[in-house]
Amino acid sequence: MRDKTLIHLQGFAAWCNSKLSVRSLKIDTLTQFHDGVLLIALIEILSGKKIEGYVAKPGEKKIVQLNNVTLALKALADLGVPVSGISAAGIVLLNKNLSVSEHSATAFVDADTSCMLALIWSIIQFYQLDQSVFGGISG
């Protein structure tokens, strides 16, 4: 893994942990969001809204994990988080060359770090950077 990616993974995980600590939760790596449970917890903490219908202990059942991730992505979209192209059908992100690539929710459940970095960066921008720049309350 490239050093720059590792730095982003560590920095984004630290930011997430600063928010998750409200519920005494912690991640060691972004890949722990793969089943949707901690991702949903993060969204609930940041938004102050409860997300209904997810399975808190999905185990290894991929279909349940996919459902959790889909609920999380829908909640983000409903909140107005700019996650353009992120849906159950796929996650669209820009790579460093500004070309668009598409990753399915399955890739997210499979702990694809590119998908996770893109999604967490969108969340950080929405709840931390954008709101503080525009005078809102930062997350």
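Me: At what angle do helix α1 and helix α2 pack?
Reply: Helix α1 (residues 3-20) and helix α2 (residues 37-47) pack at an angle of about 65 degrees, and their axes are 9 Å apart. Axes here are lines fitted to C-alpha atoms, for helices over the stretch in contact, and angles run from 0 to 180 degrees between N-to-C directions. Helices (H or I, at least four residues) and strands (E, at least two) are DSSP runs, numbered from the N terminus.

Me: What kind of model is this?
Reply: This is a predicted model, in which local features need pLDDT of at least 70, side-chain atom pairs count only at pLDDT 80 or more, and totals for chains, interfaces and linings use all residues. Residues are numbered from 1 along each chain as its sequence is written, and side-chain values use heavy atoms, with hydrogens and water left out.

Me: Back to the helix pair. In what crossing does α1 pass α2, left-handed or right-handed?
Reply: The crossing of α1 with α2 is left-handed. That term applies if the near helix is turned anticlockwise from the far one by less than a right angle; clockwise would be right-handed.

Me: Which residues of α1 and α2 make the contact?
Reply: From α1, the contact uses Trp15, Cys16, Lys19 and Leu20, and from α2 it uses Leu38, Ala41, Leu42, Ile45 and Leu46. Contact means heavy atoms within 4.5 Å.

Me: How many residues of α2 are buried?
Reply: 10 of the 11 residues of α2 are buried, and the helix is mostly covered. Buried means under 20% relative accessible area, exposed over 50%, and partly exposed in between (1.4 Å probe, protein chains only). The buried residues of α2 include Val37, Glu44 and Ser47. Just after α2, glycine 48 takes a positive phi of about 75 degrees.

Me: And the whole chain, what pattern does it follow?
Reply: Along the sequence the pattern is α-α-α-β-β-α-α, with 5 helices and 2 strands. The chain has 139 residues, and 40% of them count as buried. Among contacts in the chain with a separation of 6 or more, 46% come from residues 24 or more positions apart.

Me: How many disulfides does the structure hold?
Reply: The structure holds 0 disulfides, a disulfide being a pair of cysteine sulfur atoms within 2.5 Å. Cysteine 16 counts as buried because its relative accessibility is 0%. Cysteine 115 is buried too, with a relative accessible area of 0%.

Me: Which residues is asparagine 68 in contact with, leaving aside its neighbours within four places in sequence?
Reply: Asparagine 68 is in contact with Asp35, Gly36, Val37, Ile40, Tyr54, Val55 and Pro58. Asparagine 68 lies in helix α3 (residues 62-79) and is buried, at 0% relative accessibility.

Me: Serine 24 has a positive phi. Why does it count as exposed?
Reply: Serine 24 counts as exposed because its relative accessibility is 69%. Its phi is near 55 degrees, and its place is in the loop between α1 and α2.

Me: What is phi at alanine 111?
Reply: Alanine 111 has a positive phi of about 70 degrees although it is not a glycine. Alanine 111 is in the loop between α4 (105-109) and α5, and counts as partly exposed at 24% relative accessibility.

Me: Last one: how far are the C-alpha atoms of serine 122 and proline 82 separated?
Reply: They are separated by 6.4 Å, with the two residues 40 apart along the chain. Serine 122 is in helix α5 (residues 113-133) and is buried, at 11% relative accessibility.
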